[in-house]
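Have a look at the sequence and the structure first, then read on.

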Amino acid sequence: MSHNILVTGASGYLGGTLLARWEKSSLPPYGHLYALVRSDEQAQAVKKYGAEPLQCDIHDHENLKKAIIDKEISIVFFLIDSFTDQHQPPIIEALAEVKAKTGNEVHFVHTGGAKHFSRHAGIHRDEPLLDTDPEIYDILKTSVSPHDYFQQTTRTNISVIDVCQKHGVRGYIFAPCIVYGRGEGFGNQVSIQDVAIVKAAVKARRVYKVDTDNPTWPVCHLIDNTNLYLQMARNMLLSRDMGYNKNGFYLAASGSVYWNDLYASMAVALAKRNRVDDATVAQADDAALVTMGEALGVPASLVPVMLGGKCMFTAVNGNQIGWKAQYPPKHILEAADEEVELILGSLDEK
Ligand SMILES: NC(=O)c1ccc[n+]([C@@H]2O[C@H](COP(=O)([O-])OP(=O)(O)OC[C@H]3O[C@@H](n4cnc5c(N)ncnc54)[C@H](OP(=O)(O)O)[C@@H]3O)[C@@H](O)[C@H]2O)c1
């Protein structure tokens, strides 16, 4: 039986680009493609990508469940809330009902983030942590974040897997990292972590590094990130075996870069546009962290979580299912000037 698919976050940076690339990606045949939206304007916008709008707020669990069951949706890409686990269980339960009704295999892709596998999450490693590591579920489950508020994010990944397992749904944890490149959807065009670097620097008039060691973080061009979602969809539509639940962690990354190199490239681009007073990077002191926190709307103690830290998470699973990144990690440094231009344009517009 053919699959019906639901893409959420259709007006977002990642979800919008996924939708925009969907039709061009020559996927195997499927039934219907639905896009979750919450306004009439968004409902109109998704139609140009060949998607049927499913207009519903993610908080309206009852109607969302009913829509998934009535429309016999068997694949859901969840790209809305990586933080809490309040919306995923009802969707997973609805998928289980579709499986019982149709006999179709059902799939739930939760979008988390590389941060959940970093030292911000209490995972301290010097060696790579492969996304195929058979211990990864247990590593996540037992990790204790030094930041109280952050503990929920790792719990969310575990909870998605547990609920999927309980209901016979194939669950996947898709982890985007530092994603860059212009969004191709009709809504948000810019990312998160590199935007935080720019926002903080513009307010502080200087790019500051927030770690005292020289840590690395995985990076991925938006198109590579999108292609991993699409490759997962392709494998589901072809009923190809790929790891799920406790073996279903997928980092979208071509490799890693040093934050300090990224800061340096962005500092040059910001100085060129007179948005910082110095083209070099300085170590953040307490006063700088307070100013950066004001720009980001977080207390000073959380600034390093927004734009720094060490993450040894390493992508292997994607390559095993036929995905290959086109952009090497150093491309983000070469593209920093263009990225800063894009981010400043978007911030100035807002
Ligand atoms: N971008 C990255 O580099 C990155 C990295 C790691 C993890 N992530 C995670 O991936 C997810 C998607 O990221 P993104 O960059 O695409 O975020 P984004 O551009 O902010 O998009 C968020 C999407 O969620 C939708 N949404 C929010 N609240 C909703 C609600 N109540 N009902 C229905 N839809 C709702 C938004 O719709 P509206 O337009 O209607 O608000 C929008 O389509 C996030 O959870 C993010 O934390 C992103």
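In this predicted model, helix α7 passes helix α14 in a right-handed crossing. Helix α7 also passes helix α10, again in a right-handed crossing. The points below take each pair in turn and then turn to an annotated domain.

**α7 with α14**
- Helix α7 spans residues 193-204 and helix α14 spans residues 336-349; their axes come within 10 Å and cross at roughly 70 degrees.
- Because angles of 65 to 115 degrees count as roughly perpendicular, α7 is roughly perpendicular to α14.
- On the α7 side, the contact is made by D194, V195, V198, K199 and V202.
- On the α14 side, E339, V340, I343, L344 and L347 take part.
- Sorted by class, this contact has seven nonpolar and three charged residues, with no polar ones.

**α7 with α10**
- The axes of α7 and α10, the helix of residues 286-296, come within 8 Å and cross at roughly 120 degrees.
- That angle makes α7 oblique to α10.
- From α7, the contact draws on A196, K199, A200, K203 and A204.
- From α10, the partners are T291, M292, E294, A295 and L296.
- This contact divides into six nonpolar residues, one polar and three charged.

**Annotated domain**
- An unreviewed UniProt entry carries the annotation "domain: NmrA-like" for residues 2-99.
- Over residues 2-99, the chain is 41% helix and 16% strand.
- The end C-alpha atoms of residues 2-99 are 12 Å apart.

How values were computed: Residues are numbered from 1 along each chain as its sequence is written. This is a predicted model: local features need pLDDT of at least 70, side-chain atom pairs count only at pLDDT 80 or more; totals for chains, interfaces and linings use all residues. Side-chain values use heavy atoms; hydrogens and water are left out. UniProt positions are given in the numbering used here, feature names are shortened, and annotations may be inferred rather than shown by experiment. Helices (H or I, at least four residues) and strands (E, at least two) are DSSP runs, numbered from the N terminus. Axes are lines fitted to C-alpha atoms, for helices over the stretch in contact, and angles run from 0 to 180 degrees between N-to-C directions. Angles under 35 degrees count as roughly parallel, over 145 as roughly antiparallel, 65 to 115 as roughly perpendicular and the rest as oblique. A crossing is left-handed if the near helix is turned anticlockwise from the far one by less than a right angle, and right-handed if clockwise. Contact means heavy atoms within 4.5 Å. Ala, Val, Leu, Ile, Met, Phe, Trp, Tyr, Cys and Pro count as nonpolar, Asp, Glu, Lys and Arg as charged, and the others, Gly among them, as polar.
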